[in-house]
Amino acid sequence: MPPTRSFRRAVAYTVAGTAIPGLGLIAGRRRIVGSVILGLFAAGVLALGLYATFDRQSLLARAVDPATLRWAAIALVVIGVIWVGVIIASHLSLRGRPTRGQRVFGGILVGVLSFAVAAPMAVAAHYSYVTASSVAAVFQRERDTKSATRPTLEATQTAPGEPRDPWAGKPRLNVLLLGGDAGPGRVGTRTDTVILASINTKTGHTALFSLPRNAQRMPFPSRSPLHDHYPYGFTSGNSNDAEYFLNAMYRNLPRSVPKDVLGPTDNLGADALKLSVGEALGLRVDYYVLINLQGFSKMINALGGIKLNINTYIPIGGDTDRRIPPKDFLEPGPKQKLNGYRALWYARGRYGSDDFARMDRQRCVINAIIKQANPTNMLARYEDVAMAGKQLVYTDMPQEVLPLMVDLSLRVKDGNVRSVVFKSGVAGFRSSDPDFALMRKRVRAAITESKNPTSTKKKESGGTAQSEDVNDSCAYDPKVAATARPYR
């Protein structure tokens with residue numbers, strides 16, 4: 001074979017052997033070694049494909065298991081080194097007697113191909129290590145933590161030979177989302193943001209229920225020991241006592257009852273909130289997720305910012321009680337991209353406004369994160385998001401349920417999101433004296449509406465719907481924006 005043709009063949013098989021390890025060695029007459037490597041590669045790809053097809057839950061479980069991820073990081077480095085070695089060996093066995101120019105070209109080619117393999121392997125190994133560290137920091141194993149309110153969720157087999165149904169017997173998952181303001185100059189954590197997300201586990205359709213931070217007389221289940229301590233709800237009897245508002249329960253209740261009143265638990269304040277919010281809304285709360293709002297901006301920045309519609313001037317800073325006006329505002333406009341600092345003020349600013357307007361905006365932030373945290377965005381900023389989560393998020397959700405939550409999150413992203421904001425003077429609700437029976441009725445109606453988004457749209461046109469479509473509620477309204485004026 002002419003030298004030029006032989007070298008072209010070497011180049012072609014070197015490239016092909018990079019994509020399909022072992023192929024280049026076989027072409028270079030190292031058939032035994034090449035066949036073994038090719039067989040291992042094919043077996044690995046086939047096994048992974050079958051694993052993902054027939055036992056996705058088990059694969060997801062390993063993908064969020066810190067120990068498995070650490071071993072995966074090591075394995076990826078080893079595989080990368082071996083792969084690069086295969087590329088080099090393939091080219092050397094194929095090139096014959098090259099000219100000097102061909103030798104230089106071949107060296108450059110091998111270097112480029114080696115980098116193309118080694119770089120993704122190195123990045124994947126790094127991501128595996130970062131994920132392991134983040135998961136271990138935020139989510140503990142069930143046996144290593146204590147909770148008085150956390151359920152035991154087990155996957156069940158639907159029928160012999162059929163895939164497991166991880167949500168069999170669990171039509172809805174209820175997660176309490178809390179925004180805390182712990183930080184310098186504050187004693188303890190006040191949960192100014194209290195939102196219950198009720199998720200249909202089959203469809204991902206979600207209903208968000210926002211409670212005002214100053215809600216009073218928050219009840220406890222009659223069978224709970226907390227009901228014995230607070231038979232009339234979480235109250236001192238004084239309706240103006242802010243230390244007994246909903247946002248003070250997380251911080252204050254553990255100080256007023258025995259630490260083991262509910263049994264072994266790592267976070268009595270969170271357990272009390274789960275029981276109380278669940279009783280008020282007529283739902284059993286499964287898990288809580290507490291986000292430290294002092295670092296909320298880091299999470300938004302890690303996502304690269306979020307886009308929100310703004311229909312009115314939203315204050316940045318200011319203090320209504322002390323009559324200190326804000327120095328700046330978020331101005332009205334459609335699809336404005338906000339960084340972490342400005343997104344935090346979008347969610348928290350209330351100078352010249354009230355808590356209910358802020359609650360309206362908070363659900364828009366949640367919806368924006370759900371819709372905009374797409375795989376491409378998350379992958380591009382993966383390390384920043386993971387590191388931010390370690391510093392900001394606290395939860396009683398154990399590592400064991402993470403595979404189920406990853407699976408469910410994909411459904412939520414494509415599902416319908418409806419919302420109920422409990423506002424004083426609306427639908428019979430009063431923060432100072434809530435009618436819990438009426439609240440539960442609205443919750444049941446909203447959940448029904450979230451199951452049937454098409455028929456609910458027809459209801460909305462007649463004004464009879466009990467909940468709102470978050471996409472519509474958070475849409476840009478040019479008429480409202482045109483008449484908006486900043487508070488001074």
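**Cavity, helix packing and local backbone features**

The largest cavity holds about 40 Å³ of space. By the rule applied here, the count comes to 1 cavity of 30 Å³ or more. A cavity is a set of points, on a 1 Å grid over the protein atoms alone, where a 1.4 Å probe fits but cannot get out, and lining residues have an atom within 4 Å of a point. Grid points are joined across faces, edges and corners, and a volume is the space filled by probe spheres set on the points. The structure is a predicted model, in which local features need pLDDT of at least 70 and side-chain atom pairs count only at pLDDT 80 or more, while totals for chains, interfaces and linings use all residues. Residues are numbered from 1 along each chain as its sequence is written, and side-chain values use heavy atoms, with hydrogens and water left out.

The lining of the largest cavity is formed by Phe 422, Ala 427, Gly 428, Phe 429, Asp 435, Leu 438, Met 439 and Arg 442. These residues divide into 5 nonpolar, 1 polar and 2 charged (Ala, Val, Leu, Ile, Met, Phe, Trp, Tyr, Cys and Pro count as nonpolar, Asp, Glu, Lys and Arg as charged, and the others, Gly among them, as polar). Ala 427 is found in the loop between strand 12 (417-421) and helix 16 (436-451); helices (H or I, at least four residues) and strands (E, at least two) are DSSP runs, numbered from the N terminus. Ala 427 has a phi near 55°, a positive value in a residue other than glycine. Most residues other than glycine have a negative phi. Ala 427 counts as partly exposed because its relative accessibility is 42% (buried means under 20% relative accessible area, exposed over 50%, partly exposed in between, with a 1.4 Å probe and protein chains only).

A positive phi, of about 45°, also occurs at Lys 335, which is not a glycine. Lys 335 lies in strand 10 (residues 333-338) and, at 64% relative accessibility, counts as exposed.

Helix 5 (residues 66-94) packs against helix 6 (residues 100-138) at an angle of about 175°, with the axes 8 Å apart. Helix 5 is therefore roughly antiparallel to helix 6, a term for angles over 145 degrees. Axes are lines fitted to C-alpha atoms, for helices over the stretch in contact, and angles run from 0 to 180 degrees between N-to-C directions. The residues of this contact divide into 22 nonpolar, 6 polar and 1 charged.

Helix 12 (residues 355-372) is mostly covered, with 13 of its 18 residues buried.

Notes: 1 Å grid on protein atoms, 1.4 Å probe; cavity = no way out; pocket = protein on both sides within 12 Å on 5 of 7 lines; lining within 4 Å. Parallel < 35°, antiparallel > 145°, perpendicular 65-115°, else oblique.
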